[in-house]
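Please read this briefing with the sequence and the three-dimensional structure side by side.

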Amino acid sequence: MGLLDKMNQVSKSVSGSSKNTAESSNLRKKILYERERIQEIYTEIGKAFCENPHGDHTAEIAMCEDIADRKRRIESMQGDLSLIKGIRICGSCGALFDEKYTFDFCGNCGAKLAAVEE
């Protein structure tokens with residue numbers, strides 16, 4: 001029965017690894033899309049401003065808010081990607097820690113780190 005248990009364990013490991021790879025790839029594609037869209041919005045803002053430099057800029061301000069939302073989504077997805085890779089990021093100072101770092105607080109600034117998902 002030991003051989004079957006070992007085969008099941010290897011099978012679960014391979015399927016988990018492929019799932020993580022697919023999730024990582026999907027997150028990277030989403031991050032790339034958001035970055036490309038941010039560049040497009042910057043271009044739209046510049047064009048709108050150049051066409052009417054002294055007019056009402058509420059549309060441009062709304063586009064800036066859209067950029068801020070997209071940047072927050074990118075940050076969140078990068079955090080998810082780091083968790084998949086086994087890296088923890090301090091939300092306060094940005095320090096990186098690998099999966100071997102088991103403390104609940106950042107070794108750099110002392111801020112509480114997000115819980116490790118298992």
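Are glutamate 34 and arginine 70 buried or exposed? Both glutamate 34 and arginine 70 are buried, where buried means under 20% relative accessible area, exposed means over 50%, and partly exposed lies in between, as found with a 1.4 Å probe on protein chains only. The model is predicted, so local features need pLDDT of at least 70 and side-chain atom pairs count only at pLDDT 80 or more, while totals for chains, interfaces and linings use all residues. Residues are numbered from 1 along each chain as its sequence is written, and side-chain values use heavy atoms, with hydrogens and water left out.

**Salt bridges**

- A salt bridge is counted when a side-chain nitrogen of Lys or Arg lies within 4 Å of a carboxyl oxygen of Asp or Glu, and by this rule there are six salt bridges.
- One of them joins the side chains of glutamate 34 and arginine 70, at 2.8 Å from N to O; because glutamate 34 lies in helix H1 (residues 2-51) and arginine 70 in helix H2, the pair ties together parts that are 36 residues apart in sequence.
- Another pairs aspartate 69 with arginine 72, whose closest N and O atoms are 2.2 Å apart; aspartate 69 is partly exposed at 34% relative accessible area, whereas arginine 72, at 52%, counts as exposed.
- Both aspartate 69 and arginine 72 lie in helix H2, three residues apart, which is about one turn of the helix.
- Salt bridges that share partners also join Glu34, Asp66, Arg70 and Arg73 into one network.

**Helix H2**

- Helices (H or I, at least four residues) and strands (E, at least two) are DSSP runs, numbered from the N terminus.
- The expected span of a helix is 1.5 Å times one less than its number of residues, so the 28 residues of H2 should span 40 Å, which agrees with the 41 Å between its end C-alpha atoms.
- The buried residues of H2 include Glu60, Met63, Ile67 and Leu81.
- After H2 comes glycine 86, whose phi is positive, near 90 degrees.

**The second largest pocket**

- The lining of the second largest pocket divides into seven nonpolar, five polar and three charged residues, where Ala, Val, Leu, Ile, Met, Phe, Trp, Tyr, Cys and Pro count as nonpolar, Asp, Glu, Lys and Arg as charged, and the others, Gly among them, as polar.
- H2 gives the most to this lining, with six residues.
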